[in-house]
Amino acid sequence: MRMLYLQMLDSLEEKIWFEEVYQKYSDLMFQVADRILHNDQDVENAVHNAFLRLIKRFSKYQNMPAQDMAPLVAVIAKNEAISLQRKKRDGVVQEKWDAFAEPAEFVTDYHTLVETFTHLPQTYRAAIEMKMIGYSDGEIASKLGLSKTVVSARTSRGRCLLRDIVEQEGLRMDA
């Protein structure tokens, strides 16, 4: 697959940059997508789509050092996985879904929680997602160009907003 991606790029510099990103972050992208999809074939499709998105928007990312791409590629992989999950979910006939329906007031699975993240403003979501991946406040601050205090405030406010969203939708989180 890597060769296909490299053929889509024009210059040698672009290919070297992409190769470095691919080698460094493909495992991270697979892990992020797998947390959402739990199906190897779907994970591969989501990561493939994520790489295609990186190539399509190459001019936007080309000035970014490859070593600083971790948060970006993780978010792109997550978004592609969620998008694929939605497409698959929306493609199932409604009658079949009724058999699997659970009461809306119980949120016990990870997927429902992930979907509630989409309701958060991007400023809070980015900080929380990076925190969940395992970045410290200092690392998040340097990647997003913020102070550690702002990152702490955003993650705290984001958690509060997420809690409010869950309550507004009538969902209950089981601990």
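Helices here are DSSP runs of H or I with at least four residues, and strands are runs of E with at least two, numbered from the N terminus. One of them, α5, spans residues 70–91 and holds Lys78. This is a predicted model, where local features need pLDDT of at least 70 and side-chain atom pairs count only at pLDDT 80 or more, while totals for chains, interfaces and linings use all residues. Residues are numbered from 1 along each chain as its sequence is written, and side-chain values use heavy atoms, with hydrogens and water left out.

**Two single residues**

- Lys78 counts as buried, with 11% relative accessibility (buried is under 20% relative accessible area, exposed over 50%, partly exposed in between, using a 1.4 Å probe and protein chains only).
- Leaving aside residues up to four places away in sequence, Lys78 touches Val32, Ile36 and Glu129 (contact means heavy atoms within 4.5 Å).
- Ser11 sits in the loop between α1 (2–7) and α2 (12–37), and its 26% relative accessibility makes Ser11 partly exposed.
- A polar atom of the Ser11 side chain lies 3.2 Å from the backbone nitrogen of Glu14.

**How α9 meets α10**

- Helix α9 (residues 137–144) packs against helix α10 (residues 148–168) at about 105°, with the axes 8 Å apart; axes are lines fitted to C-alpha atoms, for helices over the stretch in contact, and angles run from 0 to 180 degrees between N-to-C directions.
- That angle makes α9 and α10 roughly perpendicular (65 to 115 degrees; under 35 is roughly parallel, over 145 roughly antiparallel and the rest oblique).
- On the α9 side you'll find Asp137, Gly138, Ile140 and Ala141, and they meet Lys148, Val151 and Ser152 of α10.
- By class, this α9 contact with α10 has 3 nonpolar, 2 polar and 2 charged residues (Ala, Val, Leu, Ile, Met, Phe, Trp, Tyr, Cys and Pro count as nonpolar, Asp, Glu, Lys and Arg as charged, and the others, Gly among them, as polar).

**The buried face of α9**

- Which residues of α9 are buried? They are Asp137, Ile140 and Ala141.
- Seen down the axis of α9, these buried residues fall within an arc of 100°, so they line one face of the helix.
- The cover over the buried residues of α9 includes α8 (122–133) and α10.
- Just after α9, Gly145 takes a positive phi of about 70°.

**How α8 meets α10**

- Helices α8 and α10 pack at about 105° with axes 8 Å apart, so α8 is roughly perpendicular to α10.
- Among the residues in this contact are Tyr124 and Ile128 of α8 and Arg157 and Leu161 of α10.

Terms used: The arc is that of the directions from the helix axis to the C-beta atoms. A polar contact is a pair of N or O atoms within 3.5 Å; within protein, one must be able to donate a hydrogen and the other to accept it, and residues adjacent in sequence count only if both atoms are side-chain atoms.
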